[in-house]
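Take a look at the fold below.

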Amino acid sequence: MTTSQARVIVADSGSKRIPAQEIFSPRSSDSWTHTRAGDPRGYIETPALKELWIHTGSACNLACPFCLEGSSPGDTRIPLVKLDEITPFLHEAVELGVQQFSFTGGEPFVNRDFVKILSAASALRPCFVLSNGTQALLGRAKQIEPLRDSAHPIRFRISLDYPDIAKHDAGRGEGSFVESLQGIRFLRDLGFEVSIARQMLPDEDAQAVEDAFHALFREHGIEERLPFTVFPDFGLPGSEDGSPEVTETCMLKYPTQQSREHFMCTYTRMLVKRDSGVRVFACTLVDDDPGYDLGGTLAESLQPRIMLRHHRCFACYRFGASCSAP
Ligand code: SF4
């Protein structure tokens, strides 16, 4: 993830995991509706749009090798979106009752139109921005300041992978941890709410990891109690991690009605710019699979069942997923 903690899913530190060994068939991508073993796939329906994500473009000021978006400086896999391309969707979303606009990249602040987009969106609804908090954000400090007077609040989630500066900088580049702390201080001083996206370590002691972050925050003059969101490894775009397939039976057997409501595709959509224009995808995790392109309008995108075919769907299933708050 670059800034990009990118859109990712996630589990709170204490999430209950569904045992993988209960699902036996290998994952396949050749059928939208059925697994390789011929079982009907699990699916999700979207009763209402609560949150609209906007992919600002896959370019980033950093080049992290683990980025689930494959982002780097100048990357054009997903072109930078412009305000006039987004505006009709903002208004359609409001008509559909959307409660929040959320933004991811790449690094959103690399996009020259981003502050204008954020200003327009926060005039309509509360906003949520994923960022790496480094130079791209700090370089737009003067433009960001007036946003504290927006009609609706803007919250930020800043990526800090590990409570170990050297380990974080090994992935994101030397000095990036300290720059992100500067970004956090800058945003907090302006009164914005900030949370932290960190990476999940295998068999980690979540409390010990977060205590180590708190100690670092103290050392750098940042309030300790910023909320965390924890991300598993989602693999690079187009990758296949060999995870098991989610069948209709699995969905009936394990997730409760309540945990099903945490799958992002139950309540969100994401706008992604393509050569043909802006398209609506099922969620923030599947922009590398055209099967999840649900149309050119939000209303159209809410009709189909979302089949859980993508390998990242298994992460949603197993970890319980909600990319949104905190
Ligand atoms: S990755 Fe799959 S299950 Fe998860 S939110 Fe997206 S479409 Fe739904």
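What follows goes from the overall fold to one strand, then to the core and the ligand.

This is a predicted model. The protein has 11 helices and 10 strands. Of its 326 residues, 47% count as buried.

Now pick out strand 2, residues 51-55. How many of its residues are buried? Five of the five are, and the strand is mostly covered. The cover lies on both faces. E51, W53 and H55 are buried on one side. L52 and I54 are buried on the other.

Two strands pair with strand 2. One of its partners is strand 3, residues 100-104. The two run parallel and are joined by five bridges. Within this pairing, I54 has F103 of strand 3 as its bridge partner. Follow the chain between the two strands. From strand 2 the path goes through helix 1, residues 83-95, and on to strand 3. This β-α-β crossover is right-handed.

Strand 8, residues 268-274, also pairs with strand 2. Again the sense is parallel, here over four bridges. W53 stands opposite M270 of strand 8.

Next comes the core. In soluble globular proteins, nonpolar side chains tend to be buried together. Here the largest nonpolar core has 73 residues. Which residues have the most contacts inside it? They are I54, L118, C127, V129, F281, A282 and C283. Helix 11, residues 311-319, gives the most to this core, with five residues.

C127 is then in contact with Q100, F101, F103, L118, A121, S122, H152 and I154. One of these, F103, is the bridge partner of I54.

Finally, turn to the ligand. Which of the 15 residues around the ligand come nearest? They are M264, C265, C283, C313 and C316. Helix 11 provides the largest share of the shell, three residues. By type, the shell divides into 13 nonpolar residues, one polar and one charged.

How values were computed. Residues numbered from 1 in each chain as written. Predicted model: local features only at pLDDT ≥ 70, side-chain atom pairs only at ≥ 80, totals over all residues. Core = buried A, V, L, I, M, F, W, Y, C linked by C-beta atoms within 7 Å. Buried ≥ 20, exposed ≤ 12 C-beta atoms within 10 Å, placed from the backbone. Contact = placed C-beta atoms within 7 Å. Near = placed C-beta within 6 Å. Nonpolar A, V, L, I, M, F, W, Y, C, P; charged D, E, K, R; others polar. Pairing = 2+ DSSP bridges. Right-handed = clockwise from strand over helix to strand, strands pointing away. Lists of a residue's contacts leave out its neighbours within four places in sequence.
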